[in-house]
Amino acid sequence: MLDGLMAQVERIVILTGAGISAESGIDTFRDAGGLWEQHRVEDVATPEGFARNPDLVLAFYDMRRAALADVAPNPAHRALARLEREFPGEVLLVTQNVDDLHERGGSANVLHMHGALKSALCTACETRSPWLESLGARPPCPVCQAPSLRPDVVWFGEMPYEMARIYRALESCDLFVSIGTSGAVYPAAGFVAEARSNGARCLELNLEPSEGSRLFHETRLGPASVVVPAWVEEVLSRAED
Ligand code: BV8
């Protein structure tokens with residue numbers, strides 16, 4: 001399906017979700033035993049939940065931030081870093097994930113549209129600061145000193161980051177690739193329709209068909225650690241032709 005096309009690809013937009021980190025040992029949201037089975041979304045991933053019970057929410061993200069020390073990038077993360085290094089055209093990696101495995105896998109330009117566990121947002125001065133420790137102890141904001149730090153994560157009902165930049169990239173890309181996401185949450189789940197309407201070819205790499213599979217020109221099923229390196233090898237070998 002993509003055979004002849006790959007030679008003309010110059011601009012790739014990649015969207016990743018929790019599935020790319022699953023084989024690294026980070027729970028996804030909607031698979032069996034996933035995060036949303038352990039905690040109600042409304043309680044831990046909404047501004048209302050944070051206002052209702054900040055200690056619960058801070059503990060939820062402190063646990064996930066601390067767990068990053070116990071996981072490592074997998075071959076899928078490393079393959080996308082190789083693509084960024086070796087592909088002669090442009091690659092924009094947009095992730096819905098708040099983990100740091102893309103960066104630890106070697107990707108330099110990662111756009112965290114839903115924020116990051118290793119960042120804190122001050123609700124008083126709105127500064128975002130790199131953050132590795134607990135927020136549950138209510139540490140002072142490094143800039144304004146107020147004890148007003150929250151996880152720098154986009155909750156339901158909040159505007160994701162860098163949307164203008166993402167839509168510009170979707171308008172001009174030749175190839176849109178969705179990896180390890182269920183296509184359950186917007187606006188990310190709408191990116192494939194945006195890319196397709198602008199003429200991009202759309203490829204899905206996932207363990208199982210996502211909610212938006214019918215919108216992709218091609219879906220390749222399998223674990224990310226197998227399917228993503230194979231696809232990157234294919235793209236790079238065609239780019240050399
Ligand atoms: C917004 C960060 C607009 C937090 C996340 C009513 C009220 C308010 C809003 C809404 C509403 N109705 C609809 C909405 C919009 C809402 C939404 O879409 N809701 C859904 C539930 C219908 N969206 C929002 O609220 C967004 N904001 O719309 O703002 C706005 C406009 C104006 C002004 C203000 C605001 C913000 C949504 C962001 C929420 N934050 N994450 C955190 O991490 O704790 S969402 C979270 O779930 C992820 O970030 C991701 O985006 C989303 C989906 O998760 P996935 O990554 O896809 O993971 P999932 O478990 O679902 O699937 C895993 C996939 O991997 C599966 O397909 C599986 O097969 C596959 N897989 C598993 N293993 C492997 C694998 N694949 C390959 N290999 C493997 N080994």
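The legends below describe close-up views of a predicted model.

**View 1. Aromatic cluster around Trp 155.** Ring pairs join Phe 50, Phe 60, Tyr 61 and Trp 155 into a cluster. The whole structure contains 5 aromatic pairs. In one of them, the ring centres of Phe 50 and Trp 155 are 5.2 Å apart with the planes at 40°, so the pair is tilted. Phe 50 belongs to helix α5 (residues 47-52) and Trp 155 to the loop between β6 and α9 (163-172), so this pair ties together parts 105 residues apart in sequence. Phe 50 is buried at 18% relative accessibility, and Trp 155 is buried at 3%.

**View 2. The pair of Tyr 61 and Trp 155.** The two ring centres are 6.2 Å apart and the planes stand at 50°, so this pair is also tilted. Tyr 61 comes from helix α6 (residues 54-67), and its pairing with Trp 155 connects parts that are 94 residues apart in sequence. Tyr 61 is buried, with 2% relative accessibility.

**View 3. Arginines over aromatic rings.** The charged end of Arg 150 sits over the ring of Trp 155, 3.8 Å from its centre. Arg 128 places its charged end over the ring of Tyr 161, at 3.7 Å from the centre.

**View 4. Backbone at Glu 126, Arg 138 and Pro 187.** Most residues other than glycine have a negative phi, and most peptide bonds are trans. Glu 126 has a positive phi of about 65°; this residue is in the loop between β4 (115-122) and β5 (128-130) and is exposed at 65% relative accessibility. Arg 138 also has a positive phi, near 55°. Arg 138 lies in the loop between β5 and β6 (149-153) and is partly exposed, at 33%. A cis peptide bond, with omega about 0°, joins Tyr 186 and Pro 187. Pro 187 is in the loop between β7 (175-179) and α10 (191-197).

Terms used. Residues numbered from 1 in each chain as written. Predicted model: local features only at pLDDT ≥ 70, side-chain atom pairs only at ≥ 80, totals over all residues. Heavy atoms only, no water. Helix = DSSP H or I, 4+ residues; strand = E, 2+ residues; numbered from the N terminus. Buried < 20%, exposed > 50% of the residue type's maximum accessible area, 1.4 Å probe, protein only. Phe/Tyr/Trp six-rings, centres within 6.5 Å; stacked < 30°, edge-to-face > 60°. Lys NZ or Arg CZ within 6 Å of the ring centre and 35° of its normal.
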